[in-house]
Amino acid sequence: MFDRLRARFGAGTDEPTVGLFVDGPNVFREEFDVDLDDLRTAAEELGRVGVLRLYLDEHATPGLIQAAEARGFEVIVTSGDVDVKLAVDATALIGEGAIDRLAIASRDTDFKPVLEHAGRIGVETIAIAPGSYGRSDALRNAADDAVTLGE
């Protein structure tokens with residue numbers, strides 16, 4: 001299984017494989033001017049993108065889902081808690097060794113344990129904030145690096 005994952009994600013190259021997990025309900029809010037292309041670019045600047053996921057709740061508009069898919073995001077819509085689904089998926093992926101860098105776009109401190117766990121097992125971590133107003137000091141401090149969109 002790991003050989004198949006490594007081949008899919010390009011293991012063996014010098015460029016690190018990045019997994020970007022986007023907390024849609026906390027990033028795509030009226031007070032933030034976040035663009036899907038900006039998120040994708042932020043991930044691409046961190047390395048070769050192996051995973052590009054946008055997590056949304058059942059209230060997501062079809063337009064957002066369609067726009068995300070058109071830009072290469074895997075869209076995960078859940079009727080339950082978006083935070084739990086994102087955290088479980090990110091933790092599972094880092095446990096498989098499929099990514100070298102974990103980037104979480106959110107302003108929610110609920111993801112601090114995921115970043116800490118990834119760091120403990122040697123995965124680089126990046127906290128991406130939707131803007132300076134949406135920056136979480138807890139996430140910034142738990143991550144190896146931090147990016148604020150729009151700066």
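The text below starts with the central strands and ends with the cavity.

This is a predicted model, in which local features need pLDDT of at least 70, side-chain atom pairs count only at pLDDT 80 or more, and totals for chains, interfaces and linings use all residues. Residues are numbered from 1 along each chain as its sequence is written, and side-chain values use heavy atoms, with hydrogens and water left out.

Helices (H or I, at least four residues) and strands (E, at least two) are DSSP runs, numbered from the N terminus. Begin with strand E1 (residues 17-23). In E1, 7 of the 7 residues are buried, so the strand is largely enclosed by the rest of the structure. Here buried means under 20% relative accessible area, with exposed over 50% and partly exposed in between (1.4 Å probe, protein chains only). The cover extends to both faces of E1: Thr17, Gly19, Phe21 and Asp23 are buried on one side, and Val18, Leu20 and Val22 on the other.

Two strands pair if DSSP finds at least two bridges between them. E1 runs parallel to E2, and 7 bridges join them; glycine 19 has valine 51 as its bridge partner in E2. E1 is also parallel to E4, through 5 bridges. In E4, leucine 20 is partnered by alanine 103, and phenylalanine 21 by isoleucine 104.

Phenylalanine 21 also takes part in a ring contact. A search of the whole structure finds 1 aromatic pair. The ring centres of phenylalanine 21 and tyrosine 55 lie 6.2 Å apart and the ring planes are at 20°, so the pair is stacked. By definition, rings of Phe, Tyr and Trp (its six-membered ring) pair if their centres lie within 6.5 Å; planes under 30 degrees apart count as stacked, over 60 as edge-to-face and the rest as tilted. The pair links distant parts of the chain, since phenylalanine 21 is in E1 and tyrosine 55 is in strand E2 (residues 48-57), 34 residues apart. Phenylalanine 21 counts as buried at 0% relative accessibility, and tyrosine 55 counts as buried at 0% relative accessibility.

Next comes strand E4 (residues 101-105), where 5 of the 5 residues are buried, so E4 is largely enclosed by the rest of the structure. Arg101, Ala103 and Ala105 are buried on one side of E4, and Leu102 and Ile104 on the other. E4 pairs with strand E5 (residues 124-129) in the parallel sense over 5 bridges, with leucine 102 opposite threonine 125 in E5. Together with helix H6 (residues 112-120), E4 and E5 make a right-handed β-α-β unit. Right-handed applies if, with the strands pointing away from the viewer, the path from the first strand over the helix to the second runs clockwise.

The largest cavity holds about 50 Å³ of space. On a 1 Å grid over the protein atoms alone, a cavity is a set of points where a 1.4 Å probe fits but cannot get out, and lining residues have an atom within 4 Å of a point. Grid points are joined across faces, edges and corners, and a volume is the space filled by probe spheres set on the points.

How values were computed. 1 Å grid on protein atoms, 1.4 Å probe; cavity = no way out; pocket = protein on both sides within 12 Å on 5 of 7 lines; lining within 4 Å.
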